[in-house]
Amino acid sequence: MKLGTVNSLNTPSYLQLTTQPVTTQKHRAVFILQLITTLRENSSICGTMSFYRNAVWFVKGLQEYTKSGYEAAAKHFSAGDLEVNLSGRSFMVTGANSGIGKATAQEIANRGGTVHMVCRNKDRAEAARNEIVEQSKNQNVHVHIVDMSSARQVWEFAQSFSQNNKIHVLINNAGCMVNQRELTDEGLEKNFATNTVGTYILTTALIPALKKAEGPRVVTVSSGGMLTQKLNVDDLQSEKGTFDGTMAYAQNKRQQVILTERWASLHKEIHFSSMHPGWADTPAVQSSMPSFHAKMQGKLRTEAMGADTVLWLAVSPAAAKQPSGLFFQDRKAVATHLPLASSRSTPQEEEKLLAVLEEFAQKTEDTENPHISHSLQSVLQT
């Protein structure tokens with residue numbers, strides 16, 4: 001479940017609000033006032049994020065990101081969009097052993113595509129593969145064990161994969177939300193390392209191989225939570241102030257959207273997209289947010305609902321006709337900023353993000369045992 005800042009909102013008063021129906025304009029206005037009061041009472045929520053962004057985003061979420069939101073949107077879907085034969089096409093799905101990633105891998109295998117599952121845990125990955133093969137009767141499902149928080153592992157895997165396999169579609173689904181600040185062996189904050197650096201290195205390393213394929217695509221599973229965030233290039237490692245894992249996660253998801261836009265402008269041969277899967281009922285949510293999960297029972301999307309737009313972007317001819325670089329929700333391109341939210345970054349800020357990430361990539365390629373945080377400091381000080 002890609003929830004952005006929802007973990008920080010996991011309080012009794014907040015959960016009480018989530019169970020109230022928002023059915024009329026008057027009720028909606030009252031609800032927003034109640035929500036703003038709740039936000040003010042929870043200082044961990046507010047941090048550097050505005051009351052306005054959080055209130056508008058959450059009301060939007062109740063209307064659009066839930067199961068009922070999906071069902072309303074699905075009335076306008078074209079059923080034929082997913083009636084495709086994927087034989088001969090190769091798909092890489094990161095974080096494919098559970099949740100949205102597994103559901104996506106399953107649907108691709110069902111349609112005859114070759115699936116490369118990139119996972120961290122070998123036992124879980126193999127178990128998921130066996131289930132996918134059994135259900136799809138498709139033996140072309142392969143497991144690759146990679147820790148997406150390790151820049152070196154990701155780069156070495158991408159190099160090896162490119163030499164031995166073809167790839168038509170990359171689906172960046174793997175995600176991380178660590179609520180205590182933790183550094184990787186390479187000196188990077190764990191959320192940033194997994195969600196942003198890992199995604200950046202894997203994607204850029206595979207671009208040459210993607211360009212050799214027919215109809216190449218890259219789909220990145222972001223989050224609607226990024227709407228609450230403005231890019232902050234001055235604290236990519238989340239070192240300033242009190243650490244908030246959900247804020248770090250939402251920042252990473254904003255970074256992914258910016259990367260998608262930049263890649264689309266640089267690599268015209270590839271169709272890039274990012275998307276929000278909605279609030280889905282996945283194992284990660286059940287284990288990490290039990291109270292929220294219990295209160296939202298019946299309101300959360302299924303894993304298949306969360307995966308629907310991922311699949312649509314990865315396989316449908318209709319998606320390929322959309323401009324490259326857009327952000328999608330329920331098979332429709334949507335805005336990447338809330339109205340009047342002051343969340344837009346400058347070109348200079350975005351260039352700085354790209355410079356930092358490129359420095360990471362170069363450090364990874366050039367050094368046997370890179371301590372990548374050194375490059376972060378050198379770039380930020382320039």
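Two residues are said to be in contact when they have heavy atoms within 4.5 Å. In this predicted model, N191, F192, N195, T196, T199, Y200, T203 and T204 of helix 9 meet G245, A248, Y249, N252, Q255, Q256, L259 and W263 of helix 10. By class, the residues of this contact between helix 9 and helix 10 comprise six nonpolar, ten polar and no charged. The crossing of helix 9 and helix 10 is right-handed.

A second pair of helices, helix 6 and helix 13, also packs together, and their crossing is right-handed. Their contact is formed by G99, I100, A103, T104, E107 and I108 on helix 6, together with E303, A304, G306, A307, V310 and L311 on helix 13. Here the contact holds seven nonpolar, three polar and two charged residues.

Two packed helices are described by the angle between their axes and the distance between the axes, and the table gives these values for both pairs.

| Helix pair | Angle | Distance between axes |
|---|---|---|
| Helix 9 (residues 190-211) and helix 10 (residues 245-266) | about 15° | 8 Å |
| Helix 6 (residues 99-110) and helix 13 (residues 303-315) | about 60° | 8 Å |

Because of its angle, helix 9 is roughly parallel to helix 10, whereas helix 6 and helix 13 are oblique to each other.

The protein as a whole has 16 helices and eight strands, and 58% of its 382 residues are buried. Of the contacts between residues at least 6 apart in sequence, 77% join residues at least 24 apart. The accessible surface amounts to about 16000 Å², with 49% of that area belonging to carbon and sulfur atoms.

Methods: Residues numbered from 1 in each chain as written. Predicted model: local features only at pLDDT ≥ 70, side-chain atom pairs only at ≥ 80, totals over all residues. Heavy atoms only, no water. Axes fitted to C-alpha atoms, helices over the stretch in contact; angles between N-to-C directions. Helix = DSSP H or I, 4+ residues; strand = E, 2+ residues; numbered from the N terminus. Parallel < 35°, antiparallel > 145°, perpendicular 65-115°, else oblique. Left-handed = near helix turned anticlockwise from the far one by under 90°. Nonpolar A, V, L, I, M, F, W, Y, C, P; charged D, E, K, R; others polar. Buried < 20%, exposed > 50% of the residue type's maximum accessible area, 1.4 Å probe, protein only. Areas by Shrake-Rupley, 256 points an atom, 1.4 Å probe, with all protein chains shown as cover.
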